[in-house]
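Take a look at the chain below. This report goes through it one region at a time.

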Amino acid sequence: KNGRLPLMAGNWKMNGNHLEAISLAQKLAFTLTEQQLTDVEVVVLPPFVSLRSVQTLVDGDKLLIRYGAQDLSPHEKGAYTGDISGAMLAKLGCSYVVVGHSERRQYHNEDDKLVNAKVKAALANDLTPILCVGEGLPIREAGEHVPYTLAQVDGGLDGLKSDDVEKVVIAYEPVWAIGTGLTATPENAQEVIGAIRNRLAESHGNTADRVRILYGGSVKGSNVAGIMEQPDIDGALVGGASLDAQDFALICRLG
Ligand code: PEP
């Protein structure tokens, strides 16, 4: 699509210890090799404590699978007990980092200002932020999902120049579709993702054609094809199904 490389990212959330992470990554690498995938970028996003293990495993196979983290600190370093910096993630060979996932917005009260600071911290460390946006059910029911989501996009990208906006991946994840088995219809997803691309065109011109925008929310091997047929959807951020190597491999093959 306009030269944008499809991206399939598996968000493992808080699942599995480092041994289980090795096993899952190994199974995935094996299945993907068998399928001889081309023209899709595959990313896994394990918990922090498993990054080192996944790094060791993926090292020889970097072209096949990339990896990243599920969050990062907006700060560079210092007295922030329990936090993880972008520099630490970069040193571990991470390529990506999720920013502003709805679970962090909900359980850790992350607002657009903090999310914006995290996007900038990621870029400063040459990590590609996967900026998550999307509305909850009451907002969808009120018909406000497009303006609500665009405001999150504006907030997350605030102050960025076009050449930085180009490096960001945006993931539209309607909260009511995450982990619920309810998938937005491909047309619902396209409506919002198309609106995001139009907004980027207004604010950053041609850059909008180069930004990858993913859909997330109960994506599986059995429903990915319809989603990927939509003109503005460049891939998926996958939670539950990414813990199953076979199904995630199917997703990477686009169903
Ligand atoms: C997610 O958490 O990013 C997600 C899309 O989860 P699931 O695929 O389980 O709905």
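## Buried or exposed

A residue is buried if 20 or more other C-beta atoms lie within 10 Å of its own, exposed if 12 or fewer, and partly exposed in between. Start with E187. This residue has 9 C-beta neighbours inside 10 Å, so E187 counts as exposed. The model is a predicted one.

E187 sits in helix α9, which covers residues 186-204. Its C-alpha atom is 7.5 Å from that of Q230, although 43 residues separate E187 and Q230 in sequence.

## The loop at E229

Where is E229? The residue lies in the loop between α10 (224-228) and β8 (235-238). E229 has 11 C-beta neighbours inside 10 Å, so this residue counts as exposed.

E229 and P186 are 43 residues apart along the chain, and their C-alpha atoms are separated by 8.1 Å.

## The start of the chain

K1 belongs to the segment before β1 (7-11). Is K1 buried, exposed or partly exposed? With 13 other C-beta atoms within 10 Å, K1 is partly exposed. Which residues does K1 contact, once neighbours within four places in sequence are left aside? They are P231 and D234. K1 and P231 are 230 residues apart along the chain, yet 7.1 Å separates their C-alpha atoms.

P6 is also placed in the segment before β1. P6 has 18 C-beta neighbours inside 10 Å and therefore counts as partly exposed. Not counting residues up to four places away in sequence, P6 touches D39, V40, E41, D234 and G235.

## The nonpolar core

How many residues make up the largest nonpolar core? It has 71. Six of them touch the most other members: A9, V97, I130, I170, Y172 and A236. Helix α1 (residues 18-35) gives this core its largest share, six residues.

A9 shows how the chain comes together here. Leave aside its neighbours within four places in sequence. A9 is then in contact with V43, L45, Y96, I130, L214, L237 and V238. I130 is itself listed among the core residues that touch the most other members.

## Two helices in contact

Helix α5 covers residues 112-124, and helix α7 covers residues 145-156. At what angle do α5 and α7 pack? The angle is about 45°, and the axes are 8 Å apart.

On the α5 side, the contact is made by D112, V115, N116 and V119. On the α7 side, Q152, G155 and G156 take part. By class, this contact has two nonpolar, four polar and one charged residues.

## Two positive phi angles

N109 is not a glycine, but its phi is positive, at about 50°. The residue is in the loop between α4 (102-107) and α5. N109 has 8 C-beta neighbours inside 10 Å, so N109 counts as exposed.

S218 is another residue other than glycine with a positive phi, near 55°. Its place is in the loop between β7 (213-216) and α10. Is S218 buried or exposed? S218 counts as buried because 20 C-beta neighbours lie inside 10 Å.

## Around the ligand

How many residues are around the ligand? There are 13. I178, G179, G216, G239 and G240 come nearest. By class, this shell has five nonpolar, seven polar and one charged residues.

Notes:
Residues are numbered from 1 along each chain as its sequence is written. This is a predicted model: local features need pLDDT of at least 70, side-chain atom pairs count only at pLDDT 80 or more; totals for chains, interfaces and linings use all residues. A residue is near a molecule or strand if its C-beta atom, placed from the backbone, lies within 6 Å of it. Ala, Val, Leu, Ile, Met, Phe, Trp, Tyr, Cys and Pro count as nonpolar, Asp, Glu, Lys and Arg as charged, and the others, Gly among them, as polar. A nonpolar core is a set of buried Ala, Val, Leu, Ile, Met, Phe, Trp, Tyr and Cys residues joined through C-beta atoms within 7 Å. Helices (H or I, at least four residues) and strands (E, at least two) are DSSP runs, numbered from the N terminus. Two residues are in contact if their C-beta atoms, placed from the backbone, lie within 7 Å. Axes are lines fitted to C-alpha atoms, for helices over the stretch in contact, and angles run from 0 to 180 degrees between N-to-C directions.
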